[in-house]
Amino acid sequence: MKKDLFLWMLLAFSMVTFSSCSEDDDNGGGAGTGGTTSCYIINQGSWSYNNASLQVYDINLGTASSPDCNSDIFYTANGELLGDVAQDLLWVGNKLFVTVSNSQKLEILDESGKRVRQYTYTAEGAQPRYMATDGANVYVTNYDGNVYVYNALSGDSITKIYSGSYPEGISYLNGSLFVNNSNWGGYGGGEPSVAVINVASGESKLIKENACNPYAQSVVCGGEVYIIDSGNYADILPAIYRVDVAGEKLVKIADNATLMSTCGEYIYYVNASWNYATNAYDYSALYKMDVATSEKSELLPADKMNGVYSLDVNPATGDIYVGFSPEANDFGTMRVYSPAGEQKGVFEVGYYTSGARFRN
């Protein structure tokens, strides 16, 4: 899930037991090979259990391939498991770029899940995280402080650009990269910021005002970049901010948000924050916000968001993909809603789904 790493680690280490890969495939649906009628589902897997998985969901048929890591599309195509914590998937042209954080690798696959290239990272503290593309190149953030650049067509490694302390979410807009330097939730030894990096020159400016813990979420909407800052898990709550480049500051536009996605001029968001007082998650309704007017409306009530773990919107259709994970390690569920909030489909996903990914 795109949640704060500090909390994720606390929960991971506090678990008494972990689920391993199931030997059974209870999902009867089988989708085709990632055409325009399909999307990919990336499932992180349980921390340190090497059970991440990739699925294909057929949008027209409403069927998904197996969520089980022993029979997912990566294992089927390569005869090996994907790895430990599949963080992000970016679908560019006919290639899939997949970061596997704890396994310290980037997998480049064809649409069937077959490996085309693989890169491993050996620098101290290196863990690949999130990705963005300008169509020509793919940009990958890494906990070693850098953004790694790859040719989107060939998969060749091009260069790396220093960003800051523990970079996470990333967006591309008008020749610049916007990178969330999380500073590992305050434990990274640096400073939290959003780096605005000129791709052509490599020059960057760091936006620090109002930055506390810029984390995984970074989207482009209405010609602006919006991020989620996870706060400090105490008096500074997670919120959505607009990156004001000219003013060199982050401008809050919505409180209480841990997940967001975008379609057109709208941002969709929901809160799934850990409440230390109640020792449980607080879930909000799913909201839709018009970024031009800041007006928001409730799309789905809070009782339908219980257990929400991922949120993505298909830019071609406006359909909303909401991933849910149970309290204990087990397969999750993905629900597909129309732009009006009507449920269109539901299917099983793997452990701790990172969500749905669509062709860029």
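This is a predicted model: local features need pLDDT of at least 70, side-chain atom pairs count only at pLDDT 80 or more; totals for chains, interfaces and linings use all residues.

Colleague: In what sense do strands S28 and S29 pair, and over how many bridges?

Modeller: Strand S28, residues 332-337, pairs with strand S29, residues 343-349, in the antiparallel sense over six bridges. Tyr337 has Gln343 in S29 as its bridge partner. Five residues lie between the strands of this hairpin, and there Gly341 takes a positive phi near 90°.

Colleague: How many aromatic pairs does a search of the whole structure find?

Modeller: The search finds 14 aromatic pairs. One of them joins Tyr40 and Trp91, edge-to-face, at 4.8 Å centre to centre with 90° between the planes. This pair links distant parts of the chain, since Tyr40 belongs to strand S1 and Trp91 to strand S4, 51 residues apart.

Colleague: Why does Tyr40 count as buried?

Modeller: Buried means under 20% relative accessible area. Tyr40 has 0% relative accessibility and therefore counts as buried. Trp91 is at 1%, so Trp91 counts as buried too.

Colleague: Why is the pair of Tyr57 and Phe347 stacked?

Modeller: Planes under 30 degrees apart count as stacked. The planes of Tyr57 and Phe347 lie at 15°, with ring centres 4.2 Å apart, so the pair is stacked. Tyr57 in strand S2 and Phe347 in strand S29 are 290 residues apart, and both are buried. Ring pairs also link Tyr57 and Phe347 with Tyr321 and Phe358 into a cluster.

Colleague: Where does the charged end of Arg335 sit?

Modeller: The charged end of Arg335 sits over the ring of Phe324, 4.1 Å from its centre.

Terms used. Residues are numbered from 1 along each chain as its sequence is written. Side-chain values use heavy atoms; hydrogens and water are left out. Two strands pair if DSSP finds at least two bridges between them. Helices (H or I, at least four residues) and strands (E, at least two) are DSSP runs, numbered from the N terminus. Rings of Phe, Tyr and Trp (its six-membered ring) pair if their centres lie within 6.5 Å; planes under 30 degrees apart count as stacked, over 60 as edge-to-face and the rest as tilted. Buried means under 20% relative accessible area, exposed over 50%, partly exposed in between (1.4 Å probe, protein chains only). A charge sits over a ring if NZ of Lys or CZ of Arg is within 6 Å of the ring centre and within 35 degrees of the ring normal.
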